[in-house]
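Subject: The structure I promised you

Hi,

Have a look at it first, then read on.

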Number of protein chains: 2
Amino acid sequence: MNYSVSEENYLKTIFHLQEGSDTVSTNALAEKLNTKAASVTDMMKKLSGKGLLNYTPYYGFSLSNEGKKIAVSVVRRHRLWEYFLASRLNFDWKEVHSVAEELEHVSSKKLIDKLDEYLGYPQTDPHGDPIPDSKGRVSQTQAIRLVDLSLHQPAEILQVINQSDEILEHLKEKQLHLGIVLEIKKIHAFDQSLEIKRKNKMVTITQELAKSLLVKTV
Amino acid sequence: MNYSVSEENYLKTIFHLQEGSDTVSTNALAEKLNTKAASVTDMMKKLSGKGLLNYTPYYGFSLSNEGKKIAVSVVRRHRLWEYFLASRLNFDWKEVHSVAEELEHVSSKKLIDKLDEYLGYPQTDPHGDPIPDSKGRVSQTQAIRLVDLSLHQPAEILQVINQSDEILEHLKEKQLHLGIVLEIKKIHAFDQSLEIKRKNKMVTITQELAKSLLVKTV
DNA sequence: AATAATATTTAGGTTTGCCTAAATATTAAA
DNA sequence: TTTAATATTTAGGCAAACCTAAATATTATT
């Protein structure tokens with residue numbers, strides 16, 4: 001019923017890697033967790049022994065229903081703490097993640113549910129990622145990638161994916177935060193970079209960045 | 001610069017046991033930590049190797065200055081989280097401790113200082129224990145034990161020592177919480193039990209309980 | 001002061017989670 | 001399809017933090 005910090009981190013990471021690509025490879029997981037492939041294999045045996053994983057040697061793995069439940073609860077804790085840090089303690093966008101990485105392993109369910117209530121049941125964390133509710137339900141955003149947005153269609157930034165310190169710093173510099181409304185004015189044929197208009201100011205962003213921003217038309 | 005959960009718990013517990021009795025014994029520590037004497041010896045070697053303890057085999061140990069600094073910072077985190085849980089999340093008196101035991105090991109200094117600010121720099125936790133400030137200074141209460149209070153002298157409950165689920169539950173039943181003003185009306189010669197008046201209601205408490213309550217005359 | 005009782009430490013073992021190096025599977029290239 | 005490259009697993013070890021049982025110190029008792 002209670003899992004170690006390591007186990008929780010493995011489950012959470014598999015959960016994130018699983019989105020899209022259905023099955024997760026040993027090396028991909030090792031890289032995300034800053035560990036070695038052999039260590040991953042060890043843990044995979046342990047977790048599948050506990051029934052948290054579907055695992056066949058040499059063919060990636062995926063979470064079982066039980067495993068997914070645990071992963072979602074870790075994600076819930078992480079995002080609620082991020083929300084708390086940003087909204088109550090005035091933490092900067094890019095600082096919340098690392099502190100929440102620690103807080104997420106405090107396992108009291110009561111703590112998290114009361115925190116949720118205290119915060120007013122927020123829907124998304126400071127990066128726009130949805131916060132699972134206490135039953136483990138995750139609301140799916142109907143957002144599209146900025147790169148897929150039509151020309152001249154105004155849209156609001158909802159979420160940042162592939163978050164890293166670098167991308168968050170970059171967005172801060174370009175003054176692109178959640179809630180900002182923008183539209184694509186031009187896509188340069190040469191390198192696919194995009195000319196974006198926001199509040200009558202033009203900004204240029206790379207194709208890569210446009211793939212990491214999720215927007216909703218307004 | 002960074003210490004494990006175990007190390008922090010050892011340092012914190014030595015700090016608590018040290019108050020009063022200057023030096024701490026292996027067995028006393030083992031009992032408090034729910035572990036075995038041999039495990040304590042192992043850890044003592046490790047901590048004194050790191051310069052956090054004064055330790056001579058077979059003669060107890062005490063914290064070095066550096067060790068005390070770490071212990072105090074753990075105590076600070078613990079009590080701030082307790083305050084947060086009680087004041088913001090409406091946790092019950094006796095529930096805060098165990099959750100704070102986990103939260104106290106989240107090590108970000110920035111987190112704790114911002115939490116302190118957010119809470120308005122509280123002076124004491126929900127049990128009346130003083131919260132060390134960010135420089136590690138601990139304000140000493142000028143409280144006395146209820147058992148040492150003079151007859152008919154009104155006093156306010158400031159602090160509960162030797163906290164345990166049992167004592168907190170007991171206090172709740174007797175409706176004795178922090179801030180309550182009371183006075184001793186009689187001490188029974190037979191068993192030293194005390195007749196206490198609070199808000200014109202009489203309560204009987206044992207000598208033992210009266211040793212665990214700190215009060216300040218009003 | 002000698003012996004018994006108690007406290008502490010040492011010796012040797014376990015589990016968790018990690019590692020490197022070697023072996024084996026799978027996939028890609030010639 | 002045979003070989004080369006890559007991915008994964010196995011084997012054997014290590015450190016942290018715990019354990020039991022045995023050895024050694026200290027303290028208390030007669």
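To start with one thing to look for: are H1(A) and H4(A) roughly parallel or roughly perpendicular to each other? Keep in mind while you look that this is a predicted model.

The axes of helix H1 (residues 5-18) and helix H4 (residues 65-87), both in chain A, come within 8 Å and cross at roughly 95°. Angles from 65 to 115 degrees count as roughly perpendicular, so that is what H1(A) and H4(A) are to each other. On the H1(A) side, the contact is built from Glu8(A), Leu11(A), Lys12(A), Ile14(A) and Phe15(A). H4(A) answers with Gly67(A), Lys68(A), Ile70(A), Ala71(A), Val74(A) and Val75(A). Sorted by class, the residues of this contact are seven nonpolar, one polar and three charged.

Now the two protein chains. Chain B superposes on chain A by a rotation of 180° with 0.0 Å of shift along the axis, and the RMSD is 0.1 Å. The two copies are thus related as by a two-fold rotation axis. Both copies use the same surface, since 100% of the contact residues of chain B recur in chain A. If you want to find the axis on screen, go to Leu103(B): of the residues of chain B, its C-alpha comes closest to the rotation axis, at 3.6 Å.

What does the chain B side look like where it touches chain A? Twelve residues of chain B are in contact with twelve residues of chain A. Helix H5 (96-103) and helix H6 (109-119) of chain B are the elements that give two or more residues to that side. H6(B) gives the most, with four residues. By class, the chain B side divides into seven nonpolar, two polar and three charged residues.

On to the DNA, strand by strand.

DNA strand C has 21 residues around it, and the nearest are Ser4(A), Ala38(A), Ser25(B), Asn27(B) and Ala38(B). Both chains supply elements here: H1 and helix H3 (37-49) of chain A, and helix H2 (26-32) and helix H3 (37-49) of chain B, each bring at least two residues. H3(A) has the largest share of the surface near DNA strand C, five residues. That surface is made up of eight nonpolar, nine polar and four charged residues.

DNA strand D is also surrounded by 21 residues, the closest being Ser25(A), Asn27(A), Ala38(A), Ser4(B) and Ala38(B). Here the elements giving two or more residues are helix H2 (26-32) and H3 of chain A, along with helix H1 (5-18) and H3 of chain B. Five residues come from H3(B), the largest share of the surface near DNA strand D. The class count near DNA strand D is eight nonpolar, nine polar and four charged.

Last, the strands in chain B. They include an open sheet of six strands with antiparallel pairing, in the order E3-E8-E4-E5-E6-E7. Which strands sit at the edges? Strand E3 (144-145) and strand E7 (201-205) of chain B do, each pairing on one side only. Within the sheet, strand E4 (residues 155-160) and strand E8 (residues 213-217) of chain B pair in the antiparallel sense over five bridges.

Cheers

Methods. Residues numbered from 1 in each chain as written. Chains lettered and ligands numbered in written order. Predicted model: local features only at pLDDT ≥ 70, side-chain atom pairs only at ≥ 80, totals over all residues. Axes fitted to C-alpha atoms, helices over the stretch in contact; angles between N-to-C directions. Parallel < 35°, antiparallel > 145°, perpendicular 65-115°, else oblique. Contact = placed C-beta atoms within 7 Å. Nonpolar A, V, L, I, M, F, W, Y, C, P; charged D, E, K, R; others polar. Least-squares fit on C-alpha atoms with pLDDT ≥ 70 in both. Pairing = 2+ DSSP bridges. Near = placed C-beta within 6 Å.
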